[in-house]
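Open the structure in a viewer and keep the sequence beside it. The tour below goes from one selection to the next and says what is there.

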Amino acid sequence: MEQVEHLAGPPLDSATAVLALIERVALDPGADVEKLDRIVAMYERVKAKEAELAFNAAKGRILKKLAGITIVKNRTALYEIEKGKPQKGTYEAFKYAPLEEIDKHLRPLLLEEEMDLSYSDEPREHGWILIRGRLKHLPGGHFEDSFMPAPLDTSGGKSNVQGVGSTNSYLRRYIACNIFNIVVVGDDDDGNGSTIDEIQITTLLELIKKAKVGPKFLKYMRAQSIEGAGSLEAAVATIASRDYRKAITTLAEQIAKAEASHANLS
(Lines give C-alpha, C1' and ligand atoms only; values in the text may rest on other atoms or scores of the structure.)
Protein backbone atom coordinates (compact mmCIF):
# COMPACT_ATOMS: atom_id res chain seq x y z
CA MET A 1 0.00 0.00 0.00
CA GLU A 2 2.78 2.45 0.94
CA GLN A 3 4.47 1.99 -2.44
CA VAL A 4 1.21 2.74 -4.27
CA GLU A 5 0.66 5.90 -2.20
CA HIS A 6 3.98 7.39 -3.34
CA LEU A 7 3.92 6.45 -7.01
CA ALA A 8 4.78 9.50 -9.08
CA GLY A 9 2.05 10.81 -11.36
CA PRO A 10 2.70 10.14 -15.04
CA PRO A 11 3.02 12.91 -17.64
CA LEU A 12 -0.41 14.23 -18.59
CA ASP A 13 0.14 13.43 -22.28
CA SER A 14 1.09 9.78 -21.68
CA ALA A 15 -1.87 7.40 -21.63
CA THR A 16 0.57 4.48 -21.85
CA ALA A 17 2.20 5.46 -18.56
CA VAL A 18 -1.18 5.71 -16.84
CA LEU A 19 -2.20 2.32 -18.23
CA ALA A 20 1.01 0.78 -16.85
CA LEU A 21 0.20 2.30 -13.46
CA ILE A 22 -3.30 0.81 -13.59
CA GLU A 23 -1.84 -2.63 -14.30
CA ARG A 24 0.56 -2.38 -11.37
CA VAL A 25 -2.15 -1.28 -8.95
CA ALA A 26 -4.57 -3.94 -10.24
CA LEU A 27 -1.96 -6.68 -9.64
CA ASP A 28 -1.28 -5.49 -6.10
CA PRO A 29 -3.28 -7.73 -3.70
CA GLY A 30 -3.57 -4.92 -1.21
CA ALA A 31 -4.58 -2.23 -3.73
CA ASP A 32 -7.20 0.28 -2.71
CA VAL A 33 -10.26 0.01 -4.99
CA GLU A 34 -10.98 3.72 -4.62
CA LYS A 35 -7.44 4.55 -5.68
CA LEU A 36 -7.76 2.27 -8.70
CA ASP A 37 -10.99 4.03 -9.69
CA ARG A 38 -9.24 7.41 -9.52
CA ILE A 39 -6.35 6.16 -11.65
CA VAL A 40 -8.79 4.74 -14.23
CA ALA A 41 -10.55 8.14 -14.30
CA MET A 42 -7.14 9.76 -14.84
CA TYR A 43 -6.47 7.39 -17.74
CA GLU A 44 -9.79 8.29 -19.35
CA ARG A 45 -9.03 12.01 -19.01
CA VAL A 46 -5.57 11.56 -20.55
CA LYS A 47 -7.00 9.53 -23.45
CA ALA A 48 -9.69 12.16 -24.01
CA LYS A 49 -7.07 14.93 -24.07
CA GLU A 50 -4.87 13.01 -26.50
CA ALA A 51 -7.92 12.43 -28.73
CA GLU A 52 -8.74 16.15 -28.63
CA LEU A 53 -5.18 17.09 -29.57
CA ALA A 54 -5.19 14.60 -32.46
CA PHE A 55 -8.58 15.99 -33.59
CA ASN A 56 -7.26 19.57 -33.57
CA ALA A 57 -4.11 18.58 -35.45
CA ALA A 58 -6.08 16.74 -38.15
CA LYS A 59 -8.57 19.60 -38.52
CA GLY A 60 -5.69 22.07 -38.69
CA ARG A 61 -4.13 20.18 -41.60
CA ILE A 62 -7.47 20.18 -43.43
CA LEU A 63 -7.90 23.93 -42.88
CA LYS A 64 -4.42 24.55 -44.27
CA LYS A 65 -5.19 22.57 -47.44
CA LEU A 66 -8.62 24.17 -47.87
CA ALA A 67 -6.97 27.60 -47.82
CA GLY A 68 -5.43 26.78 -51.20
CA ILE A 69 -8.67 25.50 -52.77
CA THR A 70 -11.17 27.70 -54.61
CA ILE A 71 -14.85 26.76 -54.26
CA VAL A 72 -17.15 28.64 -56.61
CA LYS A 73 -20.82 29.54 -56.64
CA ASN A 74 -21.89 27.60 -59.72
CA ARG A 75 -25.63 27.14 -59.25
CA THR A 76 -28.36 29.73 -59.77
CA ALA A 77 -31.50 30.16 -57.66
CA LEU A 78 -34.50 31.45 -59.60
CA TYR A 79 -37.61 33.14 -58.26
CA GLU A 80 -41.12 33.39 -59.67
CA ILE A 81 -43.51 36.29 -60.23
CA GLU A 82 -46.39 34.19 -58.99
CA LYS A 83 -46.61 30.74 -57.53
CA GLY A 84 -46.08 28.28 -60.36
CA LYS A 85 -45.48 30.97 -62.99
CA PRO A 86 -41.80 31.66 -63.72
CA GLN A 87 -40.93 35.18 -64.77
CA LYS A 88 -40.39 35.68 -68.50
CA GLY A 89 -36.72 35.54 -69.34
CA THR A 90 -36.07 34.03 -65.86
CA TYR A 91 -35.13 36.05 -62.78
CA GLU A 92 -31.75 35.19 -61.26
CA ALA A 93 -32.00 35.84 -57.52
CA PHE A 94 -28.50 34.73 -56.54
CA LYS A 95 -25.83 32.09 -57.07
CA TYR A 96 -24.59 29.59 -54.52
CA ALA A 97 -22.23 26.65 -54.13
CA PRO A 98 -24.32 23.46 -53.77
CA LEU A 99 -23.50 20.87 -51.12
CA GLU A 100 -22.00 18.48 -53.67
CA GLU A 101 -19.55 21.18 -54.84
CA ILE A 102 -18.33 21.74 -51.27
CA ASP A 103 -18.26 18.00 -50.55
CA LYS A 104 -16.22 17.34 -53.70
CA HIS A 105 -13.33 19.32 -52.22
CA LEU A 106 -13.86 18.50 -48.55
CA ARG A 107 -14.54 14.75 -48.60
CA PRO A 108 -11.07 13.63 -49.86
CA LEU A 109 -9.40 15.71 -47.13
CA LEU A 110 -11.65 14.18 -44.47
CA LEU A 111 -10.80 10.67 -45.66
CA GLU A 112 -7.10 11.46 -45.71
CA GLU A 113 -7.23 12.56 -42.05
CA GLU A 114 -9.63 9.77 -41.00
CA MET A 115 -12.31 12.30 -40.11
CA ASP A 116 -16.04 12.08 -40.70
CA LEU A 117 -18.64 14.84 -41.02
CA SER A 118 -22.16 13.55 -40.45
CA TYR A 119 -25.52 15.25 -40.11
CA SER A 120 -28.76 14.66 -38.26
CA ASP A 121 -31.93 16.72 -38.19
CA GLU A 122 -34.98 17.19 -36.04
CA PRO A 123 -38.13 19.29 -36.38
CA ARG A 124 -38.65 22.37 -34.24
CA GLU A 125 -41.67 24.50 -33.36
CA HIS A 126 -43.37 26.60 -36.04
CA GLY A 127 -42.05 24.41 -38.85
CA TRP A 128 -38.36 25.15 -38.21
CA ILE A 129 -35.66 22.53 -38.74
CA LEU A 130 -32.53 22.02 -36.65
CA ILE A 131 -29.49 20.38 -38.24
CA ARG A 132 -26.58 19.03 -36.21
CA GLY A 133 -23.24 18.57 -37.95
CA ARG A 134 -20.79 16.27 -36.14
CA LEU A 135 -17.10 16.34 -37.08
CA LYS A 136 -15.41 13.25 -35.65
CA HIS A 137 -11.81 12.04 -35.67
CA LEU A 138 -12.27 8.29 -36.06
CA PRO A 139 -8.99 6.98 -34.51
CA GLY A 140 -9.47 8.75 -31.15
CA GLY A 141 -13.23 9.23 -31.21
CA HIS A 142 -13.15 12.94 -30.30
CA PHE A 143 -15.94 14.92 -31.95
CA GLU A 144 -17.37 18.43 -32.02
CA ASP A 145 -20.95 19.39 -32.88
CA SER A 146 -22.24 22.43 -34.74
CA PHE A 147 -25.93 23.34 -34.75
CA MET A 148 -27.94 25.52 -37.10
CA PRO A 149 -31.73 26.13 -37.15
CA ALA A 150 -33.81 27.66 -39.95
CA PRO A 151 -37.45 28.02 -40.98
CA LEU A 152 -38.88 25.77 -43.69
CA ASP A 153 -37.98 27.14 -47.14
CA THR A 154 -41.29 27.44 -49.00
CA SER A 155 -40.07 30.17 -51.35
CA GLY A 156 -40.59 29.91 -55.08
CA GLY A 157 -43.76 27.86 -54.71
CA LYS A 158 -42.05 24.89 -53.05
CA SER A 159 -44.19 22.21 -51.44
CA ASN A 160 -43.53 21.31 -47.80
CA VAL A 161 -41.57 18.22 -48.88
CA GLN A 162 -39.44 20.30 -51.27
CA GLY A 163 -39.03 22.90 -48.55
CA VAL A 164 -37.65 20.34 -46.10
CA GLY A 165 -35.13 19.15 -48.69
CA SER A 166 -34.08 22.69 -49.58
CA THR A 167 -33.68 23.75 -45.94
CA ASN A 168 -31.82 20.56 -45.04
CA SER A 169 -29.40 21.01 -47.94
CA TYR A 170 -28.78 24.67 -47.12
CA LEU A 171 -28.10 24.02 -43.44
CA ARG A 172 -25.63 21.24 -44.26
CA ARG A 173 -23.76 23.61 -46.56
CA TYR A 174 -23.80 26.32 -43.92
CA ILE A 175 -22.50 23.98 -41.21
CA ALA A 176 -19.69 22.57 -43.39
CA CYS A 177 -18.60 26.10 -44.33
CA ASN A 178 -18.86 27.24 -40.72
CA ILE A 179 -16.78 24.35 -39.32
CA PHE A 180 -14.00 24.74 -41.88
CA ASN A 181 -14.15 28.53 -42.45
CA ILE A 182 -14.97 27.99 -46.12
CA VAL A 183 -15.70 31.13 -48.14
CA VAL A 184 -16.95 30.42 -51.65
CA VAL A 185 -16.00 32.67 -54.56
CA GLY A 186 -18.44 35.53 -54.77
CA ASP A 187 -18.71 36.02 -51.01
CA ASP A 188 -17.29 39.33 -49.81
CA ASP A 189 -15.73 39.93 -46.43
CA ASP A 190 -18.17 42.74 -45.70
CA GLY A 191 -21.01 41.61 -47.93
CA ASN A 192 -20.55 44.43 -50.48
CA GLY A 193 -21.97 43.51 -53.85
CA SER A 194 -23.63 40.28 -52.71
CA THR A 195 -27.23 39.60 -51.76
CA ILE A 196 -28.78 37.43 -49.05
CA ASP A 197 -29.08 33.68 -49.58
CA GLU A 198 -32.17 31.47 -49.71
CA ILE A 199 -32.51 30.73 -46.02
CA GLN A 200 -32.02 34.38 -45.10
CA ILE A 201 -34.73 35.20 -47.64
CA THR A 202 -37.07 32.66 -46.04
CA THR A 203 -36.32 34.00 -42.56
CA LEU A 204 -37.09 37.57 -43.63
CA LEU A 205 -40.30 36.50 -45.37
CA GLU A 206 -41.46 34.86 -42.12
CA LEU A 207 -40.67 38.02 -40.15
CA ILE A 208 -42.27 40.28 -42.77
CA LYS A 209 -45.46 38.26 -42.43
CA LYS A 210 -45.42 38.63 -38.62
CA ALA A 211 -44.48 42.32 -38.74
CA LYS A 212 -47.12 43.02 -41.40
CA VAL A 213 -44.83 45.36 -43.34
CA GLY A 214 -44.57 45.79 -47.09
CA PRO A 215 -43.33 48.29 -49.69
CA LYS A 216 -42.01 50.80 -47.12
CA PHE A 217 -39.78 48.15 -45.58
CA LEU A 218 -38.36 47.19 -48.97
CA LYS A 219 -37.67 50.84 -49.78
CA TYR A 220 -35.98 51.30 -46.38
CA MET A 221 -33.77 48.30 -47.13
CA ARG A 222 -32.95 49.70 -50.61
CA ALA A 223 -34.37 46.59 -52.22
CA GLN A 224 -36.30 46.38 -55.46
CA SER A 225 -40.04 46.97 -55.33
CA ILE A 226 -42.46 44.07 -55.64
CA GLU A 227 -43.57 45.45 -59.02
CA GLY A 228 -40.01 45.75 -60.27
CA ALA A 229 -38.83 42.36 -59.00
CA GLY A 230 -42.01 40.47 -59.89
CA SER A 231 -42.88 39.11 -56.43
CA LEU A 232 -42.27 39.73 -52.73
CA GLU A 233 -39.81 36.82 -52.64
CA ALA A 234 -37.81 38.19 -55.56
CA ALA A 235 -37.83 41.68 -54.04
CA VAL A 236 -36.55 40.43 -50.67
CA ALA A 237 -33.84 38.48 -52.55
CA THR A 238 -32.34 41.81 -53.67
CA ILE A 239 -31.52 42.89 -50.10
CA ALA A 240 -27.75 43.21 -49.70
CA SER A 241 -25.90 40.75 -47.46
CA ARG A 242 -24.40 43.63 -45.50
CA ASP A 243 -27.95 44.78 -44.60
CA TYR A 244 -29.27 41.42 -43.37
CA ARG A 245 -28.73 42.13 -39.67
CA LYS A 246 -30.30 45.55 -40.12
CA ALA A 247 -33.35 43.91 -41.71
CA ILE A 248 -33.66 41.39 -38.87
CA THR A 249 -33.42 44.14 -36.23
CA THR A 250 -35.93 46.37 -38.02
CA LEU A 251 -38.50 43.59 -38.36
CA ALA A 252 -37.98 42.43 -34.77
CA GLU A 253 -38.67 45.98 -33.57
CA GLN A 254 -41.84 46.16 -35.65
CA ILE A 255 -43.05 42.82 -34.29
CA ALA A 256 -42.31 43.93 -30.71
CA LYS A 257 -44.27 47.17 -31.25
CA ALA A 258 -47.20 45.26 -32.71
CA GLU A 259 -47.22 42.81 -29.81
CA ALA A 260 -46.99 45.63 -27.24
CA SER A 261 -49.87 47.45 -28.92
CA HIS A 262 -51.96 44.27 -28.92
CA ALA A 263 -51.17 43.70 -25.23
CA ASN A 264 -52.29 47.23 -24.33
CA LEU A 265 -55.59 46.68 -26.12
CA SER A 266 -56.20 43.37 -24.32
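**Before selecting anything**

This is a predicted model, in which local features need pLDDT of at least 70 and side-chain atom pairs count only at pLDDT 80 or more, while totals for chains, interfaces and linings use all residues. Residues are numbered from 1 along each chain as its sequence is written, and side-chain values use heavy atoms, with hydrogens and water left out.

**Colour by confidence**

Colour the model by pLDDT, the predictor's confidence in each residue, from 0 to 100. The protein averages 78, and 76% of the residues score at least 70. Helices (H or I, at least four residues) and strands (E, at least two) are DSSP runs, numbered from the N terminus. Confidence is lowest in helix 1 (residues 2-5), with a mean of 38, and highest in strand 4, at 94. Select residues 81-87 next: the pLDDT is below 50 there, and the stretch has nine contacts in the model beyond near neighbours in sequence. Contact means heavy atoms within 4.5 Å. Residues 187-192 also stay under 50, and the model has seven contacts for them beyond four places in sequence.

**Select strands 3, 4 and 5**

Strand 3 covers 115-123, strand 4 covers 129-137 and strand 5 covers 143-150. They make an open sheet of three strands in the order 3-4-5, with antiparallel pairing. Strand 3 and strand 5 stand at the edges with a single partner strand each, so one side of each has no neighbour in the sheet. From one strand to the next the twist averages 20°. Angles run from 0 to 180 degrees between N-to-C directions, and axes are lines fitted to C-alpha atoms, for helices over the stretch in contact.

Two strands pair if DSSP finds at least two bridges between them. Between strand 3 and strand 4 there are nine bridges.

Strand 4 and strand 5 pair over eight bridges. Here L135 stands opposite E144, and K136 stands opposite F143.

Show helix 4 (99-112). Helix 4 lies across strand 3 and strand 4, running at about 135° to strand 3.

Which residues have the most contacts inside the largest nonpolar core? They are I62, L106, L110, L117, L135, F180 and I182, in a core of 28 residues. A nonpolar core is a set of buried Ala, Val, Leu, Ile, Met, Phe, Trp, Tyr and Cys residues joined through side-chain atoms within 4.5 Å. Buried means under 20% relative accessible area, exposed over 50%, and partly exposed in between (1.4 Å probe, protein chains only). Among the elements that give two or more residues to this core are helix 3 (33-66) and helix 5 (160-179). Helix 5 gives the largest share, six residues.

Centre the view on L106, which touches I62, L66, L117, A176 and F180, not counting residues up to four places away in sequence. Another core lies apart from this one, with 21 residues, including L205, A211, L218 and A237.

**Walk along helix 5**

Select Y170 and Y174. A search of the whole structure finds one aromatic pair. The ring centres of Y170 and Y174 are 5.9 Å apart and the planes are at 50°, so this pair is tilted. Rings of Phe, Tyr and Trp (its six-membered ring) pair if their centres lie within 6.5 Å; planes under 30 degrees apart count as stacked, over 60 as edge-to-face and the rest as tilted. Y170 is buried, at a relative accessible area of 6%, whereas Y174 is partly exposed, at 36%.

Move to R173, also in helix 5. R173 is buried, with a relative accessible area of 7%. Leaving out residues up to four places away in sequence, R173 touches Y96, A97, P98, L99, I102 and E198.

**Last stop: M148**

M148 is in strand 5. M148 and Y174 are 26 residues apart in sequence and 8.0 Å apart in space, C-alpha to C-alpha. Beyond its neighbours within four places in sequence, M148 is in contact with I129, L130, I131, L171, Y174 and I175.
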